[in-house]
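Subject: Structure handover, salt bridges

Hello,

Please find the structure below. My notes on its charged side chains follow.

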Amino acid sequence: MNYADAARRALTSLKDGFILLAIESSCDETAAAVLNGRRSVLSAAIHTQIPLHRLYGGVVPEIASRSHAERIRAVVDEAVTRAGVSVSDISAVAVANRPGLVGALLVGVSYAKGLAYALGAPLIGVDHLQGHIAANYLTHGELEPPFVCLVASGGHSHILHVRSYSEFELLAKTRDDAAGEAFDKAARALGLPYPGGPELEKLALDGDAYAYPMRSAFNESDESDFSFSGLKTAVVNLVHTEAQRGARLNRADVAASFQRAVVQTLVDKSMRCLERTGESTLVLAGGVSANAALRAALKRAAEARGARCFYPEPHYCTDNAAMIGCAGYHRLLQGCADGLALDAEAEWRL
């Protein structure tokens, strides 16, 4: 029996108790997880590359790819061991194949294809952003589509209408920098280490969020889309101007003012999309969903409109394989699986 026949046979047995291995390698985290059914995570293993990239102030693609290649087997083995299963128990393999650093993605996709072929198991390519959305399913057992979802990360900022587990409509997007990217660049201008987002959030706790009036005419317009390049540039210019004047800059005030402006933009645009669709549930996803100020502001705004608000547990906010597994399982429930021709794609497509 060839691979395709074996994969089809495995699909016919899809049910709770179906053991799925998931792999994530889209950027600077090498991750693997084992799921039992669609929302039960048996184990998760992750190797972070932050110490490698901190030396350069950001992710270096070639270094990321090499590290994934060096670590992926050990990470997968760790996840399988922690789950208390054997490799032969795995019924399907899910892997993030887009979007991301193409060299990094290729490491995960290649390993997943080899394993799926050896096991005669279905192979499922998963969109990384859909994985971030699925992270909420792991945290909130009661959550089901339809809902509006703000996906905010280092590389992407979109607002989607999630009509079902497989239907997505783009409602709004950033015109330039992603929210997480803007956080990192503003943090770098303030002399904070990589990754800058969490460091800027910590610094902002001691600052006055109204010390600097950071505003954006585009973000205050009726446009559904948003823009963060101007806010990031405002921080860079402020830092340079104060340095040239020899003035002492209150970095905490700058961080707090910048964070307030970004959070307010994301909240305002999300509320607009919520009203536009008529949905009563708002979901937050992506690495920036770990930001406490954003979580609190979004929840207040949603509840003020009589809507529910959900966001993942902190360990599911950043890149992880469990979310890829959950999204992959839902693709399997739709009868979707990929062949061994599955490839990595750098760009995002809905």
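In which helix do E303 and K299 both lie, and how many residues apart are they? Both are in helix α10 (residues 292-304), four residues apart, about one turn of the helix. Helices here are DSSP runs (H or I, at least four residues), numbered from the N terminus.

Before the rest, some notes on the source. This is a predicted model, in which local features need pLDDT of at least 70 and side-chain atom pairs count only at pLDDT 80 or more, while totals for chains, interfaces and linings use all residues. Residues are numbered from 1 along each chain as its sequence is written, and side-chain values use heavy atoms, with hydrogens and water left out.

The structure holds 19 salt bridges, a salt bridge being a side-chain nitrogen of Lys or Arg within 4 Å of a carboxyl oxygen of Asp or Glu. E303 and K299 form one of them, with their closest N and O atoms 3.1 Å apart. E303 has a relative accessible area of 45% and is partly exposed; K299, at 29%, is also partly exposed. The cut-offs are under 20% relative accessible area for buried, over 50% for exposed, and in between for partly exposed (1.4 Å probe, protein chains only).

R163 and E169 pair at 2.4 Å, N to O. R163 is partly exposed at 43%, and E169 is partly exposed at 27%.

K185 and D177 form a salt bridge at 3.8 Å, N to O. Here K185 is partly exposed at 35%, whereas D177 is buried at 8%.

Finally, salt bridges link K173, R175, E223 and D225 in a network.

Regards

Technical notes: Helix = DSSP H or I, 4+ residues; strand = E, 2+ residues; numbered from the N terminus.
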